[in-house]
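I opened the structure today and kept notes as I went. The entries below follow the order in which I looked things up.

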Amino acid sequence: MSGNEYNKMELMITLASRNLEDNSTVVVGTGAPCAAAMLSQKTVAPNLVIMFEAGGMGPQLPTMPISVGDSRTFYKGIQATSMAEIMEYCQMGMVDYTFLGGAQIDKHGNLNSTIIGDNYEKPKVRLPGSGGANDLASLAWNTMVMTPHDSKRFVEKVDFLTTPGYLSGKGKREEAGLPPGSGPYKVITDLCVMGYDEDEKRMQVESIHPGIDRKQIEENTGFELLWSDDLVDSKPPTKEELELLRNKVDPYGYIIGRA
Amino acid sequence: MSNEELVNLEKGIGELFVEPDADGAREYFKKKPRKKVPKVTTVKKAVEEFIEDGTYLGVGGFGTNRIPTAVYHEIVRQKKKNIGLSGHTATHDGQILMAGKVVDRCDAAYVVGLEARGLSKSARDAFEKYGIKVTEWSNAALAWRYKAAAMGLPFLPTRVLLGTDTFKYSGAKVMNCPFTGQKLAALPALNVDVAVIHVHKADIYGNCQIEGIEVSDTDLVKCAKRVIVTTEELVPHSQMRNETDKVKIPYFLVDAVAEVPFGCYPGNMAYRYFSDEEHLKLWLEKESKGEIESFIEEYIHNTKDFEEYLELCGGIKRIKELRRQENLIEDLEELEGLDQ
């Protein structure tokens, strides 16, 4: 790889990193979301407070954590606290962003990480379950998803609604009792970046990655997408972002080497 | 909507393996001995004495971090049956118990997976083939179920699970706030039979110090009838008295203390040793190749205790490497030179 060439994972992490603001708070898991938060700290958001659901807060991450509860998640941090306390920060409204993934996602941003198959009692595949995902998506102000884009993943209906997006549409989160004003914010894939429209809270393409066209995105999505009137091209990683990502964030290529 | 209309809304269909019973728990704790007596024992004896077939277990730490691995091995070694598991991010701990075929019911927030490392086939089989009973929750839901019990309450109102299938297959109920009328998810308190935790330091009476994150351990030990503690090291009682701000768990909650150095291996013990990723990978490989039974035979049933397991896994030499990893000492080659 030379010059400004980059792989899909590097593109997704970079695009995700630009969505975090300075002096904001984010709860992340391991892997790409953590890499995005680390890159964000080194670029647009030096004072970003990174939290981990097991209790780690504000670490100066020396290397990528391998578990949401390992000792790297509070290395030279602000506080080493508890799971209940991190979740209570989310519930009281102190957490701006969270990043999630899942086996399936629908047009309203609902996620499945529990089972594959239509019979809960006899699942075709049992997945780990919610973990903290339901909590974080219920309670953080803005939920972002970073995921590969294919029609097996982007489905009309999730087999199991583990984690709430906008449920069946606008106003449904509030009706169910979830905190007003919270919810899905962006979906960042290897093909495009999507947000949600105001009228129906449906997934809407906002920017298309270099070399990708609308047809490719449609073919890889199992539901009808909306398209922003202000559709733009995704801005690829800068040389500086790539250098930071490769040399400072993930020098061993644990995450960016997977693409 | 008036507050009067707001009762008996939706409820989850998941089975409650433990019914919330704050008064029953109080009656139990009324009789729990407070006497400050030495409680030092071995893992073998603690498991024999406190964990019966059918026991509902609350597990400390977080999956591969600060977990009482020695106790889980001993539960498998003693071939306990029909153990209930509270699985809020139960990764390697859940994997040991499910590969050892001791679990028959599970409150699940995050099971089956080992985070970034992959999925455990033993745990998947437990759910897909062996029909383990399961009720869905989230990590916060289980943490707050512990907190409700720790507060001596029958439930806590929260704002998670609402609107999802996770709620539908949980044992939670929707309630309305008696003050504002807003919808809340009422989470039933979870009182467990036995809590097992691993800590950095304990004295002979059971006062405990935990370094780094608590995860849910301080709440968990308050919802347990019996508490088994394993500790990296036993320290003098006077040290606890001189460091009261560091004591996270007071002795009167604790029933048994066993000194098990490196007792979280192959997990990560903050400030002491990092997780042994090679060994965790070996577990996953043996599971996916269908060789887990002989692996469990060799590493658990054929070892008499955790010390023998550690020896099989590379002993003190391996621990020293993991200690360097934990302390971010990068120049391993140079240090290995020093060993000779």
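**Entry 1: confidence**

I noted first that this is a predicted model. I looked up the overall scores and found ipTM 0.96 and pTM 0.96. For chain B the mean pLDDT is 95, and 94% of its residues reach 70 or more. I keep one caution in mind: where pLDDT is low, predicted coordinates should not be read in detail.

**Entry 2: chain A as a whole**

I counted the elements of chain A and got seven helices and 14 strands. I then took the box around its C-alpha atoms along the principal axes, which is roughly 45 × 45 × 35 Å. Does the radius of gyration of chain A agree or disagree with that of a compact globule? A compact globule of 259 residues would have a value near 18 Å, and chain A has 18 Å, so the two agree. I also looked up burial: 60% of the 259 residues in chain A are buried. Among contacts in chain A with a separation of 6 or more, 64% join residues 24 or more positions apart.

**Entry 3: helix α1 of chain A**

I picked helix α1 of chain A, residues 8-17, and asked how many of its ten residues are buried. The count is nine, and I wrote the helix down as mostly covered. The buried residues of α1(A) include A:M9, A:I13 and A:A16, but also A:E10 and A:T14. I then checked what covers them, and found, among others, α2 (32-42), β5 (97-100) and α7 (239-249) of chain A. Strands β10 (142-146), β11 (183-188) and β12 (192-196) of chain A are also in that cover.

In soluble globular proteins, nonpolar side chains tend to be buried together. I looked for such groups here. The largest nonpolar core has 121 residues, and those touching the most other members are A:I13, A:V26, A:F99, A:M146, A:M203 and B:W144. The largest share of this core, eight residues, comes from α6(B). A second, separate core has 53 residues, including B:I75, B:A90, B:M269 and B:Y309.

I went back to A:F99 and left out its neighbours within four places in sequence. The contacts of A:F99 then include A:A16, A:L20, A:V26, A:P33 and A:M146.

**Entry 4: a sheet in chain B**

I traced an open sheet of three strands in chain B, with the order β5-β7-β6 and antiparallel pairing. Its edge strands are β5 (155-158) and β6 (173-176), each pairing on one side only. The twist averages 40° from one strand to the next. Helix α6 of chain B, residues 139-150, packs on this sheet and touches β5 and β7. The direction of α6(B) makes about 140° with that of β5(B).

I checked the pairings one by one. Four bridges join β5(B) to β7(B), and B:T158 stands opposite B:A185. Four bridges also join β6(B) to β7(B), residues 183-188. There, the bridge partner of B:K173 is B:A186.

In a regular strand the side chains alternate between the two faces of the sheet. Which residues of β5(B) lie on its covered face, and which on its uncovered one? I found B:L156 and B:T158 on the covered face, and B:F155 and B:P157 on the uncovered one.

**Entry 5: one loop residue**

Last, I looked up A:E198, which sits in the loop between β12 and β13 (203-208) of chain A. A:E198 counts as exposed because its relative accessibility is 52%, and the cut-off for exposed is over 50%. A:K170 is 28 residues away from A:E198 in sequence, and their C-alpha atoms are 8.0 Å apart.

Note on methods:
Residues are numbered from 1 along each chain as its sequence is written. Chains are lettered from A and ligands numbered from 1 in the order in which they are written. This is a predicted model: local features need pLDDT of at least 70, side-chain atom pairs count only at pLDDT 80 or more; totals for chains, interfaces and linings use all residues. Side-chain values use heavy atoms; hydrogens and water are left out. Two strands pair if DSSP finds at least two bridges between them. Helices (H or I, at least four residues) and strands (E, at least two) are DSSP runs, numbered from the N terminus. Axes are lines fitted to C-alpha atoms, for helices over the stretch in contact, and angles run from 0 to 180 degrees between N-to-C directions. Contact means heavy atoms within 4.5 Å. A nonpolar core is a set of buried Ala, Val, Leu, Ile, Met, Phe, Trp, Tyr and Cys residues joined through side-chain atoms within 4.5 Å. Buried means under 20% relative accessible area, exposed over 50%, partly exposed in between (1.4 Å probe, protein chains only). pLDDT is the predictor's confidence in each residue, from 0 to 100. The radius of gyration is taken over C-alpha atoms; the globule rule is 2.2 Å times the number of residues to the power 0.38.
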